[in-house]
Structures are given as structure tokens and as C-alpha cells.
There are 2 protein chains.
Amino acid sequence: MTRTRIHNLSMSLDGFATGEGQAPDAPFGHAGQRLHEWMIATRFGAPILGRTGGTVGVDNAFAQQHEPGIGAEIMGAGKFGPPGWQDDADWRGWWGSNPPFHTPTFVLTHRPRSPIEMAGGTTFHFLDASPAEALDVAREAAAGQDVRIGGGPTVARDFIAAGLVDHVHLVQVPIVLGRGVRLWDGLEALEADYAIEAVSTPSGVTHLTFTRS
Amino acid sequence: MTRTRIHNLSMSLDGFATGEGQAPDAPFGHAGQRLHEWMIATRFGAPILGRTGGTVGVDNAFAQQHEPGIGAEIMGAGKFGPPGWQDDADWRGWWGSNPPFHTPTFVLTHRPRSPIEMAGGTTFHFLDASPAEALDVAREAAAGQDVRIGGGPTVARDFIAAGLVDHVHLVQVPIVLGRGVRLWDGLEALEADYAIEAVSTPSGVTHLTFTRS
């Protein structure tokens, strides 16, 4: 049985997984890079900023789980581009010519466009669909591998609330953002459906895993 | 120099330090005992429910810090009693004849009454005062020892936001309460003023310490 997974979803102590004021030069709003410094410091994450090296400890062990066994990703419109990207026919995502997905990648938007084939195996498909419908399409494309729900937080929350996610990896970063998009809204009693484990690491973050029980 | 400290302030993953619907038979509303099971399981916490024994591991090491070096406590009206206790002239708190404070204890309320001397060294004093004013009074009473801000979450937040707290110990419990009183509101960028450490324990909770830097 294939699974639906979320990885490396980082949030502040007060539960904001992105800040306020998302813009072309600020994909995470006023949060800047602060939610992802832990990941950029790892061997898995260093290439995101074009770096080499990086740590290979506990944070990296979690971070690299983002890739293996994934056959497709689903992401929200807010992850694909800044507000209004739908009005820019040339927008191809934040990630340059070779995005870090390397699978079919489904972008949820009320204004679908034609698929965009990128280098490295990523093809962006655009879907106006409910979470369950999108997951059916992505599963088919994943050809027996798992589907990753790539975020942002609103999409992650929608899929979790719909009972569609088997494994969630959250990373709690010791900052208080105060504003932005909350992950937890509408997820009361989530613990009833999942086995939850937590581990803090020397970088100061706490990894939480939720595995459907 | 004496310090102002918060200990064992437990909250859900989504940041609620008490649930919704506080009532005489439900001091933490719909959260019930779930925010404090980790503490009741320790040697420090077992007596709260009249039990003996209890664990003496990492959770207990944190829990017992509640007591040493404390000369006075400040608590909010919502910790002292259920909504409306001010209308009950006989209300003497939730804790029976020997409350677990054993020091002068200052209850913030807009309707002060005469002090109540309890067994075991606790005397309840009632103050209509700002956080800074209350802290001055409590420091005087603490006679060179530290002052504990006992909560609930609104009072803890007010004292933290006013820059009056030197050390905060939070305990994050792996449940999603969905509603209640949030600790984090109004505390944006708190990390700028504190060194923060985190450690998860086998019981599943994560202890966070904030120490003024």
C-alpha cells in the first residue's frame, strides 16, 4: 500500500508555517529563511542555496527522508509562486530550470494552465480539484510509489483534516513568528489518529513525527 | 539578584495552555488532565492527585524545579477559581486546606478581598495591580528569594510581554486542543530576549527553557 507523506514542514513555536507578507522576494514573508535554517545547514539542504557540505547528523537524517520512495508531489498555489503568479504566463515556479522535485508535481489552483516540463524529471501539472480528487490523480502518476504533500501550510492542513495523510514530519523551530499561516487550525484531537514521537536535536529544533495508527 | 520564574507551564502542540469551558469541575476546560499527565506521573506531581511514587527521570527533574528558591507566587484570578469565584465569599481556591504553594501567594483580581491564611505556609493575598506593581509587592514578600509567576496562560503571557520574566519552563504535550487560551499571542520575536533550549523525553513531551540572555 502506498502512503501519503509530509516532510520537513517547519513551523514556529506558535505554529506558523509561513510568515505574513509573502512576495516574490520573500516566499515565507517576514519569516525569511528562519524556519529553514536548520535544513539549509544539512547536507540534504545545503544545495537549496547552492552550497556544498552540510551536517550529516540527526537533522539530516530527517531532512533526507523528503526524497526516497516518492513518485509524485501535490502542492498549493501559494508554494508554486507569489500572489498573482496566475497572471504571469511565464511563471515557472521559484526553483529555476531544475526544480528539486524530480517527479510529476501537481499544483492546486482554481486557474489551471497547461503542464510545464522542467529539467530533472519535474513536470508541473495544474489541477482545480479537491484534496481527495487531487490525491487520486497524483497516486496514478506516482505509479506505485508514495505521494508527498508538499505544502504550504494551508494545503498540508486541508489534506490532514481530510484524513488523507499517513505520515507527517514537522519541525518546530524555536522562534515566535506572531503572524502568518497557522498549521494547526481545524485539527483538534489529531492525536487520536496518529502515533506521535518527538525528538529535539542540538541545532535547537524539535522533530515531530505523526504516523497513522 | 532575584529572578522571576515560570515553571511547568504545559500547553498543547497548538499552543493552548488551558482548554475551553473552565468550570468548577473542569479547571482546564475540555483539556481535562491531559496537559498535566506528564507531571502527575512524576514523583513531584503524584501527590497532586493524592498518589505516592512516581517517576524520577527527566520529567521529574524539570517538574521539581517548581519549588526550590521560591519566596512568593503571583497567579491570575482564573487560576484561583472558576469564573465567578469572586461572588463566593467562602471560596478558598481549588487546593483544599493545604495548598501546594507554601509561600505568600498573590492573586490578581479586580475585586480584592482580605488575605486568607491557609495551612502549610500559604497565605493568599488579593491584588488589583499591573504586572510590574504586583511583582514589586511579591518581591518584597519573597524576602530575597525568587518570585514564581504561576499562571494561568493569560497572566504568564502578560508578565512575559512586559519583560518581567527571567526564566520560563514550558512543556509541550503532543495533543491538539483546538481551542482554549493561547500562550503565544502577542509574544512575537520573543527569541530575541532569551536563550532557548529544548529536550524531548520518553513520555512524549518536549521541555523548553527560556533564559534571559
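Predicted model: local features only at pLDDT ≥ 70, side-chain atom pairs only at ≥ 80, totals over all residues.
Which residue of chain A forms a salt bridge with B:Glu188? The partner is A:Arg179, and the closest N and O atoms of the pair are 2.8 Å apart.

The contact draws on 27 residues from chain A and 27 residues from chain B. On the chain A side, the residues that lose the most area to chain B are A:Leu13, A:Val176 and A:Glu188, which together make up 30% of what that side buries. As a general point, interface size is often quoted as the accessible area lost when the parts come together. Here chain A and chain B bury about 2,000 Å² between them, and 53% of that is on carbon and sulfur atoms.

Next, empty space. In general, one finds it by rolling a probe the size of a water molecule over the atoms. How many cavities of 30 Å³ or more are there? The count comes to 1. The largest cavity holds about 30 Å³ of space.

The peptide bond from A:Gly151 to A:Gly152 is cis, with omega near -5 degrees. A:Gly152 sits in the loop that runs between strand 7 (146-151) and helix 5 (153-161) of chain A. In helix 5 itself, the buried residues are A:Pro153, A:Val155, A:Ala156, A:Arg157, A:Phe159 and A:Ile160. Just after that helix, A:Gly163 takes a positive phi of about 75 degrees.

Chain B has a cis bond to report as well, from B:Gly151 to B:Gly152, where omega is near 0 degrees. In chain B the loop holding B:Gly152 lies between strand 7 (146-149) and helix 5 (153-161).

Two residues of chain B have a positive phi without being glycine. For B:His102 the value is about 65 degrees. B:His102 is in the loop between helix 3 (77-80) and strand 4 (104-108) of chain B. Is B:His102 buried, partly exposed or exposed? It counts as partly exposed, because its relative accessibility is 41%. For B:Ala189, phi is near 70 degrees. The loop in that case is the one between strand 9 (181-182) and strand 10 (194-200) of chain B. B:Ala189 has a relative accessibility of 35%, so it counts as partly exposed.

I will finish with a single residue, A:Leu35. Its place is the loop between strand 2 (16-18) and helix 1 (37-40) of chain A. Why does A:Leu35 count as buried? Because its relative accessibility is 0%, and the cut-off for buried is under 20%. What does A:Leu35 touch, leaving out residues up to four places away in sequence? Its contacts are A:Ser10, A:Met11, A:Ser12, A:Phe16, A:Ala17, A:Thr18, A:Val173, A:Ile175 and A:Leu177. Take A:Ala17 from that list: A:Leu35 and A:Ala17 are 18 residues apart in sequence, and from C-alpha to C-alpha they are 7.6 Å apart in space.

Conventions. Residues numbered from 1 in each chain as written. Chains lettered and ligands numbered in written order. Heavy atoms only, no water. 1 Å grid on protein atoms, 1.4 Å probe; cavity = no way out; pocket = protein on both sides within 12 Å on 5 of 7 lines; lining within 4 Å. Points joined across faces, edges and corners; volume = space filled by probe spheres on them. Helix = DSSP H or I, 4+ residues; strand = E, 2+ residues; numbered from the N terminus. Buried < 20%, exposed > 50% of the residue type's maximum accessible area, 1.4 Å probe, protein only. Contact = heavy atoms within 4.5 Å. Buried area = accessible area lost by both parts, 1.4 Å probe. Salt bridge = Lys/Arg side-chain N within 4 Å of Asp/Glu carboxyl O.
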